[in-house]
Amino acid sequence: MAAVLRGSRNLLGRSLKHVDFTLVSSRSMASKTQVGFIGLGNMGKPMAKNLLKHGYPVIATDVFPESCKELQELGAQIVDNPAEVADQADRIVTMLPSSPNVIEVYTGPNGILKKVKKGSLLIDSSTIDPAVSKEMAVATEKMGAVFMDAPVSGGVGAASSGKLTFMVGGVEEEYTAAQELLTCMGANVVYCGAVGTGQAAKICNNMLLAIGMIGTSETMNLGIRLGLDPKLLAKILNMSSGRCWSSDTYNPVPGVMEGVPSGNGYQGGFGTQLMAKDLGLAQTTATNTKTPVPLGSLAHQIYRMMCARGYAGKDFSSVFQFLREDEEEGQ
């Protein structure tokens, strides 16, 4: 496996030598030329809206036409498929649910690569298998364009407020051009290295996020059963060594915080099904690299069980509710 990975890296390195970076990097950094956006879901739509707010004309598409209506009302041009986006824009951002979706959008019959222009910059903010990012980079290079992976952290709230964190992988010569667009949608843009390293960083982050959310939920549930007021317990945790993002920013207990999914029936936010998918990616990469991740494996199983029990469409913080229901059934 290591030899295969080294071979793919060498192939990617050799192939990128043939890209004419004078074409790609000649775009004016102050340019407000049209930007393509593909994937207008819970994350993609607010990201595209922030590009509009910063003065970029946006041409967009989504597999669900109803997802395009709001953006169209704000002035975006809507087209039927990714190929039409690529025909009119030389900078394109994609935000899609999974690896198969990315492969279809880039290489399918109506995909980006059917009409991509030489010198185009393609930025994928989906969370997918790093190996797929590398495959897309090679396919994109064959068309004379550049692919970068730039998955995000921060959730729907950060997407709406333009405070996402982008983890960017790709050729370093193109990072500045990518950064111009990404800073319109995020507060932090971090260059991680070659194509696929952005995905690697995101997968590691989300594995820790899942483990932390489960731990916070278990802790809050135990404290409540011991007679502690949940708001008081959260306050104590957040001034103590147990403090974490899941306790102080995204608390899973209804009524403890405002403006988070737990206060809205676990609607919105980052879906349980997507968390299960990301944990699956972590498991695959851990297996391929022979890395022990016992807590990550258990978190994956918990979120898969939640999907099977009707939580797939709820925010991943609903693990608190899942634990409470599981506890009640055992009484």
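Biologist: Why is Cys192 called partly exposed?

Modeller: The relative accessibility of Cys192 is 31%. Buried means under 20% relative accessible area, exposed over 50%, and partly exposed in between (1.4 Å probe, protein chains only); Cys192 therefore counts as partly exposed. This is a predicted model, in which local features need pLDDT of at least 70, side-chain atom pairs count only at pLDDT 80 or more, and totals for chains, interfaces and linings use all residues.

Biologist: Why does Cys184 count as buried?

Modeller: Cys184 has 6% relative accessibility, and so it counts as buried.

Biologist: How many disulfides does the rule give?

Modeller: A disulfide requires a pair of cysteine sulfur atoms within 2.5 Å, and the count by this rule is 0.

Biologist: How do you know that Ser133 is buried?

Modeller: Its relative accessibility is 0%, so Ser133 counts as buried. Ser133 lies in helix H7 (residues 130–142); helices (H or I, at least four residues) and strands (E, at least two) are DSSP runs numbered from the N terminus. Beyond its neighbours within four places in sequence, Ser133 has contacts (heavy atoms within 4.5 Å) with Ile128, Phe147, Asp149, Val195, Gly196 and Gln199.

Biologist: Which residues touch the most other members of the largest nonpolar core?

Modeller: A nonpolar core is a set of buried Ala, Val, Leu, Ile, Met, Phe, Trp, Tyr and Cys residues joined through side-chain atoms within 4.5 Å. In the largest, with 36 residues, they are Phe37, Met47, Leu51, Phe166, Leu182 and Met185. The elements that each supply at least two residues include strand E1 (35–38), helix H3 (44–53) and helix H9 (175–182). H9 gives the most, with 5 residues. A second, separate core has 25 residues, among them Leu209 and Tyr250.

Biologist: What makes helices H10 and H11 oblique to each other?

Modeller: Helix H10 (residues 197–225) and helix H11 (residues 230–237) pack at an angle of about 130 degrees, with axes 10 Å apart. Axes are lines fitted to C-alpha atoms, for helices over the stretch in contact, with angles from 0 to 180 degrees between N-to-C directions. Angles under 35 degrees count as roughly parallel, over 145 as roughly antiparallel, 65 to 115 as roughly perpendicular and the rest as oblique; H10 and H11 are therefore oblique. Thr219, Met220, Gly223 and Ile224 of H10 make the contact with Pro230, Leu233, Ala234 and Leu237 of H11.

Terms used
Residues numbered from 1 in each chain as written. Heavy atoms only, no water.
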